[in-house]
Amino acid sequence: MKNEVVKTENNHLHASGGLLIPYEVADGITLATLKDQLGYLKEELRLHVEEGQYMHPEDYHKSMTELIPSLETLIPYFGG
């Protein structure tokens with residue numbers, strides 16, 4: 001079975017398998033996930049910079065130049 005998400009007439013998301021969630025709930029879950037990820041990345045950077053914890057140079061660069069700025073752009077869009 002192909003996994004699909006469709007909008008129903010009462011503004012719910014329907015995922016194959018029968019799960020129905022309102023858009024507000026989906027946005028809340030997304031917002032919580034984005035905030036958690038941003039916090040994790042910032043803490044990982046803090047540990048690297050302040051406490052000398054090892055962080056791969058490519059991970060450091062990508063977090064600083066792409067991931068954190070992207071999350072800081074997306075979070076306000078979802079109401080955070």
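E66 is partly exposed, with 39% relative accessible area, and its salt-bridge partner K62 is a friendly place to start a tour of this predicted model. Along the sequence the elements run β-β-β-α-α, giving 3 strands and 2 helices.

**Salt bridges**

- In the opening pair, the N to O distance between the side chains of E66 and K62 is 3.4 Å.
- Both E66 and K62 belong to helix α2, where they sit 4 residues apart, about one turn of the helix.
- K62 is partly exposed as well, because its relative accessibility of 38% falls between the 20% and 50% cut-offs.
- Beyond this pair, how many salt bridges does a search of the whole structure find? The total is 5.
- One of them links K42 with E72, whose closest N and O atoms are 3.1 Å apart.
- Because K42 is in helix α1 and E72 in helix α2, this pair ties together parts that are 30 residues apart in sequence.
- R46 and E51 make another salt bridge, with 3.1 Å between the closest N and O atoms.
- Here R46 is partly exposed at 28% relative accessible area, whereas E51 is exposed at 54%.

**Overall layout**

- Helix α1 covers residues 23-51, and helix α2 covers residues 57-77.
- The protein has 80 residues, and 18% of them are buried.
- Taking contacts between residues at least 6 apart in sequence, 35% join residues at least 24 apart.
- The accessible surface comes to about 6,000 Å². Carbon and sulfur atoms account for 57% of that surface.

- Which residues does S63 contact, once its neighbours within four places in sequence are left aside? They are L41, L45, M55, I68 and P69.

- The T73 side chain reaches back to the backbone oxygen of P69, at 3.0 Å.

**Nonpolar surface patch**

- V49, Y60 and M64 form a nonpolar patch on the surface. Together these residues have about 270 Å² of accessible area.
- V49 comes from helix α1 and is exposed, with 56% relative accessible area.

**The aromatic pair**

- The structure holds 1 aromatic pair. Y77 and F78 form this pair, with their ring centres 5.2 Å apart.
- Why is the pair edge-to-face? The angle between the planes is 85 degrees, and over 60 counts as edge-to-face.
- The two residues fall into separate accessibility classes: Y77 is exposed at 66%, while F78 is partly exposed at 23%.

Definitions and conventions: Residues numbered from 1 in each chain as written. Predicted model: local features only at pLDDT ≥ 70, side-chain atom pairs only at ≥ 80, totals over all residues. Heavy atoms only, no water. Polar contact = N/O pair within 3.5 Å; in protein donor to acceptor, adjacent residues only side chain to side chain. Patch = residues over 30% accessible without salt bridge, like charges linked within 9 Å, V, L, I, M, F, W, Y side chains within 5 Å. Areas by Shrake-Rupley, 256 points an atom, 1.4 Å probe, with all protein chains shown as cover. Salt bridge = Lys/Arg side-chain N within 4 Å of Asp/Glu carboxyl O. Buried < 20%, exposed > 50% of the residue type's maximum accessible area, 1.4 Å probe, protein only. Contact = heavy atoms within 4.5 Å. Phe/Tyr/Trp six-rings, centres within 6.5 Å; stacked < 30°, edge-to-face > 60°.
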